[in-house]
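I opened this notebook to record what I looked up in the structure, entry by entry. The sequence and the model come before the entries.

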Amino acid sequence: MIRRLTKPKHGKKGNNDTSTTSPPTQGTDDDQQQHQVVQQEEDEDDDDDEDSLEPIDPDPRPISALKHLFSGGIAGSVAKTVTAPLSRLTILFQVHSLVTTKENRPKYATSYTIGLKKIIERGGILSLWKGNGTSVLHRFPFSAINFYVYENMLDITTEHRHLFESASAVRGDGRPTKDAPPLARMISGATAGCTACVVCYPLDLVRTRLTTELPGQEYYKGITDAFAKIVKNEGFTGLYAGICPTLFVAVPNFAISYTVYGTLKEYVLDDDLFYNLRKVDVDGQETLGLKLTLLCGAASGTLSTLVTFPFDTVRRRMQIQNLHVPVEKRLSGVGQIRMLMQNEGIRGIYRGLTPELLKVVPMVGTMFTVYEFLKVQLNVETGRR
């Protein structure tokens, strides 16, 4: 510690005061000056240390938004490409009874293994990814908008958490938590799914039609040709055919998925049961490892799929009926459900569920894993776990 030297005090001379204070010597003055220089240097070092400990300013809002959009877009695109074969098989079985006639019945399979075999026989292994280019074009903006809207809505709802909770939430150890309430996650997920769906729906429609075209009877030459012909023959509203049942899928799907994933994420990060599976980053903060991410993602994806799959079947059929069904035989969403229940029963509205569930783990797991990874790499800070 540097000793601070005080200015020597001189006694006041009075009539009755005979005491005097000796004037400081030259050595004392030099010593004082030396200590003052050292003290000044020490103070400068302290200022430098304080400056170095100041928190780094967060990214400007536009940069942060771009990071969110990029992370979400890449995550969705990678996940969609990984699961493209199962997605195509699911769609083909969902619309099976709608496009199957005596003329083309042999072209469609009655089981999933035979279906995969026929797809490969007719177009090779790469045909399993037919229409994936359109899928990625759709999935990148869809996932980007979805994650971006979700994160921002979650910020807003978390700031007003008193609207969702009667009392401040606390963790198991009694400390207050900054985690978002489940209802806030549900509202944020529903808003995100609805927004992304409306913005990107035309691409989803085109992707479905390209995927379900019969080999050798292709009506569309590509993405741009499909857009042009749909607008020419069906009008601009044709690009939004089936939007209502799609919203019935997207809104509850993402509301359930985000809520379950976020809630499970908080649980496994707090419960000692999953201590050995958690991962500690370079800052010493516990995060989900690959296994826990897959576990939470699979659980959220499976539950949301079971709830919304019947609506997904209806929306797929409505997306392609303008291409395969005469005008007088086209049905509304309610009509599609009624016809499926009458002709095929409950099995009809869940046709294609098996490959859909098989892709849940790789799809949701890959999406959340890539998204969490990119957020770390790009230093995307949300202030939540």
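**Entry 1**

I began with serine 304, whose side chain reaches the backbone oxygen of glycine 301 at 3.0 Å. I take a polar contact as a pair of N or O atoms within 3.5 Å; within protein, one must be able to donate a hydrogen and the other to accept it, and residues adjacent in sequence count only if both atoms are side-chain atoms. The model is predicted: local features need pLDDT of at least 70, side-chain atom pairs count only at pLDDT 80 or more, and totals for chains, interfaces and linings use all residues. Residues are numbered from 1 along each chain as its sequence is written, and side-chain values use heavy atoms, with hydrogens and water left out.

I located serine 304 in helix H10. Helices (H or I, at least four residues) and strands (E, at least two) are DSSP runs, numbered from the N terminus. Is serine 304 buried or exposed? Serine 304 counts as buried because its relative accessibility is 2%. The cut-offs are under 20% relative accessible area for buried and over 50% for exposed, with partly exposed in between (1.4 Å probe, protein chains only).

I then listed the contacts of serine 304, a contact meaning heavy atoms within 4.5 Å. Not counting residues up to four places away in sequence, serine 304 touches Asn253, Ile256 and Ser257.

**Entry 2: The largest cavity**

Rolling a probe the size of a water molecule over the atoms shows where empty space is left. On a 1 Å grid over the protein atoms alone, a cavity is a set of points where a 1.4 Å probe fits but cannot get out, and lining residues have an atom within 4 Å of a point. Grid points are joined across faces, edges and corners, and a volume is the space filled by probe spheres set on the points.

I counted four cavities of 30 Å³ or more. The largest cavity has a volume of about 620 Å³. Its lining comprises 34 residues, and Arg139, Asn253, Phe254, Glu356 and Met363 lie nearest its centre. Among the elements that give two or more residues to this lining are helix H3 (84-94), helix H6 (132-159) and helix H14 (360-377). Which element gives the most? H10 does, with eight residues. The lining divides into 14 nonpolar, eleven polar and nine charged residues. Here Ala, Val, Leu, Ile, Met, Phe, Trp, Tyr, Cys and Pro count as nonpolar, Asp, Glu, Lys and Arg as charged, and the others, Gly among them, as polar.

**Entry 3: Glutamine 336**

I found glutamine 336 in helix H11 (residues 333-343). Glutamine 336 is buried, with a relative accessible area of 1%. Its side chain makes a polar contact of 3.1 Å with the side chain of glutamine 321. Beyond its neighbours within four places in sequence, glutamine 336 is in contact with Val314, Arg317, Met318, Gln321 and Leu331.

**Entry 4: Other positions**

Threonine 366 has its place in helix H14. Its C-alpha atom is separated by 9.0 Å from that of lysine 80, 286 residues apart along the chain. Leaving aside neighbours within four places, I recorded contacts of threonine 366 with Val78, Ala79 and Val361.

Phenylalanine 236 lies in the loop between H8 and H9. At 57% relative accessibility, phenylalanine 236 counts as exposed. Aspartate 270 lies in helix H9 and counts as partly exposed, at 37% relative accessibility.

**Entry 5: The whole chain and its confidence**

Of its 385 residues, 43% count as buried. Residues 24 or more positions apart account for 75% of the contacts with a separation of 6 or more.

The mean pLDDT (the predictor's confidence in each residue, from 0 to 100) is 75, and 72% of the residues reach 70 or more. Over residues 1-26 the pLDDT is below 50, and this stretch has 15 contacts in the model beyond near neighbours in sequence. Where pLDDT is low, the predicted coordinates should not be read in detail.

How values were computed:
1 Å grid on protein atoms, 1.4 Å probe; cavity = no way out; pocket = protein on both sides within 12 Å on 5 of 7 lines; lining within 4 Å.
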